[in-house]
Structures are given as structure tokens and as C-alpha cells.
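Work through each task before you turn to its solution.

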Amino acid sequence: MAGECVPEGPDLGDMSEEELWELINDNRHRISLGVRPCILIPYLRQARVLAEMDEDEILSSHNLTNRSMRTSYMLDLLKTQGRNGAVALLESLMIHYPTLYTQVTGRKPSTEPSRFSGLIKYSELTEYLVRAVTGMQKELQEARCEASKMKGHCASLELEVRQIMGLEEKSRDLQTENERMRRHLCSLQRDVTKLKEEKCDLYMRYTAAIEEKSAVNMRLHDLNLQVYQLQTELQKTQMENEFQKKCSLRSASPADTPQLQEEVRRLRCQLVKVEKLDPAREDILAQDLAEAIDSQVELAEQLRCYREENEQLLTDKQGLLDQKECLSLQVQQLTLDCKMHQQKSTVIQSQMKELQAERDQAYLSRDEAQAMIARILAEKDTLRCQLVELQEQVFSLQAKGSPRRERPNFDETDMDWENLRSSCEDSLSCPTRRRLCRMDAINPMSLTSEWEDSTASVRSRNPEPPSPESFRRREETLYTDSSLDTLDTESLCEDFVFIPDVGSEDKQTPRLFLCKGSSIDGSVSRSSYPPFLMRSRPKAIRVNGRVLSISLQGEALLSQLAVVGGNKTGVFVHQVTEGSAAHTVGISRGAQIVEVRYEQHQKALRMVLEDSTLEEAMWALGQVTGLCHLSLRPRQDDYEVLLQQLQSSETISGDSFYVRVNMSLCAGPSGTLAVSCNDILHVTNTRPAGTEDSWCASQVHPCQLLDLQSGTVPNYYRAQRLLIRAIEDMSFQTKKSRKAGRVVDQNKQKAVRIVGTGRQGRNPLWVSVEEENTKSTEPPGDTSAPKSCLTLMPYSLVTPLFPPICRPVLLLPTILGHSLNKKLADWQGFELCEPEVLSASEHAARLQRSEILEEFEQGTHCCYTLQSVEKVMKKGIHCVLPLGLDCVRRLHRAQIYPIIIFIGLSARTARKLKSKLQRNSQSEERLLACSKSEEPLLDKLPCLYHSVAPDSWSDQASLLTSLRSIIWEEQKKIVWVEHDQW
């Protein structure tokens, strides 16, 4: 077309604006289809008919989905520039699309300066043309290189075709040879069949011959018997003849001799005839003799075989006899052992009976002691009530006798109130006092020493009234002898009484008030006169399930005792400072600290340390001020095992738990681990030596519970501060580049996962601190924990699970998952979950039991249930779930842990799935919106998920292949599940 003779059209400079745009609009369809805007835009920018914003709108607008739409939109923008826009467009077509320029204008393209308008200066035009020519030359060179590559590729394809044809020829030869071998095999099979038939005939003939031989042998045996009988008769006849001959010689007369001789000759002739046999009979007898000899040889061979078998049997018999002797010895030894064990069991049973008798006697003694204690306490309470009545009478008499007497000084009144403190409370609480329980009973052995000092003891349990010396010493010894006192925080307010001031309105009748859960007025303090809070009577040592409660002064408690252990083994007392309050009350090594109770800011606090880490336990013990109460459990054996493990370096502490990291941490000095968001760490020590804000942790193998690289990570609260700082950096980061993509990349490097403590409002990785009245979980007086943003969790506590069967598969985003589920279910080892149609009653019942995962259609009773998922899983294959994210928690409650795969999408990758989406009545915009809305919800799941990068697949086939490999890898991994905070 370029070489054809084209008639010259009118000059463009002579045409008006309307004519130019009419010419362009007549060829608008041709220009929209044949022009690429990215090639013309540089010239149009040079001619100043398009701005930078126009260029970005043409090339980057999401509404312009193809090249034709972009070109048409560019023409609309140029039309707003009037004649300059039309001239610049035609000049750019003349430079880059000469053929199209000729078709539009009817003029031949030319690069002479006179053919261009004055929109661009001559120097700029020359420079642009040079760049355009250079670019065309590069494109031409690239096209030639591509053509050479294609030629090489075609040559290689031709070579492969020739090789394939050669292989095809060889395959034809092999098929021909195969057919020939098959025919030969068929002929051989026919020959084998004939030989088998001949062999069968020979077997039949051989069987008939054997039967004939047996009949001949029987006949030969009969003949041998007849010959033997004849020989016997012959011998008998000969003997008779000899005997008769002798008799005849003795008694015969000479006249009878010729007759006898004649008879003898006749008999001899007969005997000769009998002895002579014909040749046929001789042959038969010879053959019978040979067969008899052969049978004798066979019998001799059989006899030899029988003798060898007999010798082998004798040898086996001897071996069995030896084995029998060994077994008999073992039986005797086992019999002796059994008798010894029986004797031991008899002795043990007798000892058990003795121990049971001693236990029963101890129980009886304990019951008697407790009954005696109850009786003594009842008597004491009665006497105290009498004492209170007498003291009230004394007060009333003193008030009437000396109404104008001066008020006693402060010290004397203090002593009187202190003397009356215990008795007044007992008098009021006597009717409402709780019945004595065994759990509040004291040790009976401790009563002996107390009864000896009944007159001088501060807390006398003797029915006698307190002595004056006891009144004077009561104040200074009230809180020193605290080894026999315990504080039950559940009934803290019941142990205190409120005594009004003597100078109150009612001075004549002092009253006693019982505080039950009511707070004390702010104007009344413990230091005011008289004391408003005092114990009614000392409580006994409480033993509950082998847990001993001990009261002591807990000032600087960590300097009084040292602890070891952790959440895995328990927190044990390791060292006790001699002379301290802990040593005085009898705390010893090897006792497990179960609970700590103390008062702070007039609040009774309780901290449970039974399953706390070493860091939590040391923090809790460091918070104790004043009087505290420790609940201890004796576990000496477990403590010694822990010490052996620490000494042998088998473990570094008693801590062991797994966490999921919710932020990325870079590697630092002194062995700090570099971890990414969603990594799993095994924390083995929460209080390493030399550091107070770090944990010792190890990365975990994804498929086995094996520790990999070890190091240190920030502890919970330092990591929380780093998390807050990272979120602030991400929120207030300024744009350093004009392109948003660069900022997105920076944010991706600081990946975090926003996780809160949930509705519980407490940290599952921190010790439980409870107030007795308000039940608050916030640690009081916490100076180490940050007060800002307490709900953010840098680490989440997780538990490893090992599903025994194939896990279900959930593909996200939901729109893309619905398109891929059927393709995935067609593979071997996968099956699509089918919905069930339920009746109204069954639907309501299953909905109440949370067995319905999702409705298939709204308004109907067709839905996906747990039973349909379990039915597929029982077959040993993966169940493909056509559901959304809401089903994950319901599956977790049923102990079903699906494989969650999120497929990342971009505008370019969504375009690759356009045809697939159109078949499902979906669009790219809805798919991207669904992906954008579901991606933030993944971080709220209590389990890990796998994310597929958008640039890791090119089409649907490669995506399905990668999904299959991902499912295979995820099936082998450990399932880490967080403790659900909601």
C-alpha cells in the first residue's frame, strides 16, 4: 500500500478547523483501531495540545478498559484544542503511522519541515524526529532480532518435527514387530495346547499300563503260590514214596518185587513229566523272578529312607528333650519368683491394713481434737459475751457517777479501746458467727504451747478472762505474731468491725457496727483514734487440698525469698533469707506458690500464680506491700526434678508456651531474633539472666514441634510499645514520592496485625489480678505496664494441633473461590461440599446447635451443615468449602480446622480472569472490591492462613497447580489456634 501511487489531496494548511475534524471523524473508526496512544502522546505533549494530567487520565483510567477506548478519548481531548489539536494529530500520524496518514488525508507522508505546521519549533521538531527515527530503528532492530529468534525457533521446531516423525516411524516398526510377535505367540500357545493334550493322553495310557501291571503282579503272585503248593506236595509225595519203599523192602515178598519195580518206573516217568515244564511257562517264571527282584530292591530303598527318617526323628526328639529341661528350669524359677511376690504382697497388704488402722485412729483423734476446739471456742465466746455485758455496765456506772469528769487523755483511751477491741466484736458477732468448719480448724498440737501461757497470751484461747499484762501488750504484739493468722479475702469485710468515735452523739451506749462490703468513710482512717478496723479474732491456719495459707509482712518480698520455675512446672520457692519474715513463718524451699493476696489502697487483691510465668510471678511478688498471704502447695519431688533439669542444662527455666507474633521485628545486637508477622515462637524463658525486658525464644519448625534458631525477643510490654510506635509511623508517615506505589511498599515492610484482648478486657499472657469487690482485671499500681492502648497484643497465645485426617479447603476471595471450587473438586482427592435440604423443625434444631455453616439460598431450608463436611472428611479426601469467612469459627468449635488460602489480586491479574468471571455473571470491579473487603478480616481469624502473591501465577491453570501444591504443604503443617477472645 505504501508503494502505490496516491493522488495528492488538498493542502492541510488551507483546510479549516471544521474540515480537518470532519476528515478525522470520517476515519475515526480506522484511527481508533490502528493507533496506540502511548506512541502519539509524546509528540502531542511536545506540541502542547495535551497536558500531563491528560496523559495520566488516558493511560491510567480504570474506565478505559481497551486501546480503542483510550484512542477515542484522546481524540475527544484533542478536539477541545481546535485546529491545533487536529493538525498535531495528523502530523503525529504522518511520523509514526504513514500508511494510516495516507489513508486519512490522501497525501503522501513527508518529513520536510515545510510540511509541518508551526506548533513545534524547528529545533524541537528536528530533535523529536531524530528521536522518533532512532526509536523506529531500535524497533526495527528488535523486530529483526525477534524474527531471527523466531527463525531459530522454527528451525528447532522443524528439527523436533523431524525427530518426532523418526520416532513415529520407529513406533510403526515396533508396532509391526509387536503384531508379528503376537502372531508367533498365538502359534506357540496353540502348540503348547497340543502338547498338553498329548501329555494328557500319555498320562492316561501310563495309568492304564500301571493298572495292567498291577493285575499281572497279582496273577504272578497267585502262580507263585501254586508253584509253592506243588513243590510242597512233591516233597510230601517223595517222602511218602521213600517211606513206602522202605516198608516194601522190609515186608514185600519176592513175588511182588517185579510189580513194585514196575510201579516205581511208572511213578518215575510221571515225576519226570511233572518236573519238565514247557518254555512258555519257564519264561513267565523268569520274568516273575526279575520283577520280584526289582520289587525287593525298591523295598530295600524304602527301608533305607525309613531308617534315615528314624534317625532324624531321634535327633529331633533329643533336641525337644533338652528344650523341655530348659523350660522346666524356667518354670521352677518363675514359681519361686511368684512365691516371693506373693509373700511380698502379703506383707504389703498387712502393712496397708496397719496404715489404714493408724489412719482411722488419726481421723478419730482429729475429730476429737476438733470437737474439743469447738467446745473451747464456744465456752470462750460465752465468757466474752459476759465480759462485754460487765464492761457495758461499768461504762454506764462511770458515766452516771462522774458526768463532769474530764475526758481521759489519748493514751488511756487508746488502751481501753484496744482492750475492748476483741471482746466487743465477739459479743456482736456471736449470734451470727459461722459454724466451725474443718477447713478453718487449727493444728491440735499448737494448743499445748498456747495453754501454758494462757494468762499472759495476747490471743488467749483459755476460758479465763485476759490478764492486765495481756491488755498492755496487746497493741505492740497485734501484728507481730502473724504466723497463726490467715486472711481469707473472700470474707475480708466480715473479719473487721467498725467502732464509732467516743465523742459521737450517743456517748452513753457505745455501739458496734459490722462492715459487710460497705466502704469506710473518707473522714475515718486507720490512723485515727480510736481504730476503726480491727480483727475480731485471729483466724486459724487454713489447709485446703494440701494448700497452706501463710500470712507475713511482705515488705520487699523478693528480698526475703527467691523463686524459680514457670508456667510449665509451677513457681517454686528457691531460697529463703534467714532472719526474714518469710523464714520466721516457716516458708521452706520446694513449696509451690499458688496464690498471693494483699491489700493496696484499701483494696483486697488476689493474684493466681499456679500457671503463671516466671516474669509474671516476680512482678506479682514485687507488687506486695504490707501484710500479705501466700497460698503454698508442697511439691518437693517436682522441685527437685526441676533443679536437676536446670543443672543438666536440659531446660533453662520452667517456662514453655507458644505465641504468634503480630508484628515484624528486625534482628538486633546480642542475639535478637528477626521475626515476621504471623511467625510462631516457642518461649522458653521469660526472665533470662541480665535482662528484664526480653524473652528467650526459638523459631518453630512448621511441620514438627522442633525448635530451630534461638535468640531473644522483646517481652510483652516492650513489644507492645514497639507495636504502638510502628502503628504511629504507619499512620503519620509522609509521602516521600509522588507515586503511591512506593509508599505502599514501605508500609508492607512494617507489616503489623491489629489484635485486641477482646471482650474479656484482660491479657491472656499476663497474671490474673482480681479485686475482691470490683473483680477488676487491671493490675493496681502497675508501674511497668503501659497505660495507653492496653488492648493491643503484640503476641497471641497459640496451641498446636495435629488434625489426623485431610483438612477442608476454603478459597478466598469468595467470588473467586466460587469460580475455582468446581475445578478443584474435579481433581482426585478433592470433593465439593454439597448442601442439604432440611425440614423446618430439623433446620431450627440444627441452627440452635450451631451445626449450620451457611445458607445455600435465603428463605429456604437448603444449607451447608457440619455433617456434610464430616461426611466428606471420613472418606479421607479434602472437602472443598464454597463458603465465606463466617464458617471458620463454627468449624473450629466442632474441632475442624480448614486450610484457608487467600489469593491476592490486582487489576492486571483480575483481567486474566475476565472470561471466567463473565460466565459466572461477575465483574472485575466486584472481584477487587470483594478482595479488598475480605483481606482485613483475615487478621481476625484465630488461625494462620496462606496468602498467594498476585504475581506468582499467570493464568487459571497455573493458579490451580500452585493451589494443589500449597494444599499439600499446608496439610503437613501444624495447626496453630489462638485462644478465642470473643
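Strand β12 (residues 680-685) is mostly covered, with 6 of its 6 residues buried, where buried means under 20% relative accessible area, exposed over 50% and partly exposed in between (1.4 Å probe, protein chains only). The model is predicted, so that local features need pLDDT of at least 70 and side-chain atom pairs pLDDT 80 or more, while totals for chains, interfaces and linings use all residues. Residues are numbered from 1 along each chain as its sequence is written, and side-chain values use heavy atoms, leaving out hydrogens and water.

**Exercise 1.** Determine which strands are joined to β12 by bridges, and in which sense they run.

Solution. Begin with β11 (residues 657-661), which is joined to β12 by 4 bridges and runs antiparallel to it; here Tyr 658 has His 682 of β12 as its bridge partner. Next, take β13 (residues 694-700), which 4 bridges join to β12, again in the antiparallel sense, with Asn 685 standing opposite Cys 696 in β13. Strands count as paired if DSSP finds at least two bridges between them.

**Exercise 2.** Describe how β6 and β7 are connected and paired.

Solution. First, β6 (residues 561-566) and β7 (residues 570-576) pair in the antiparallel sense over 6 bridges. Then note that the two strands form a hairpin with 3 residues between them, and that Gly 566 has Gly 570 in β7 as its bridge partner. Finally, 5 of the 6 residues of β6 are buried.

**Exercise 3.** Is Glu 18 buried or exposed?

Solution. Locate Glu 18 in helix α1 (residues 17-26); because its relative accessibility is 57%, Glu 18 counts as exposed.
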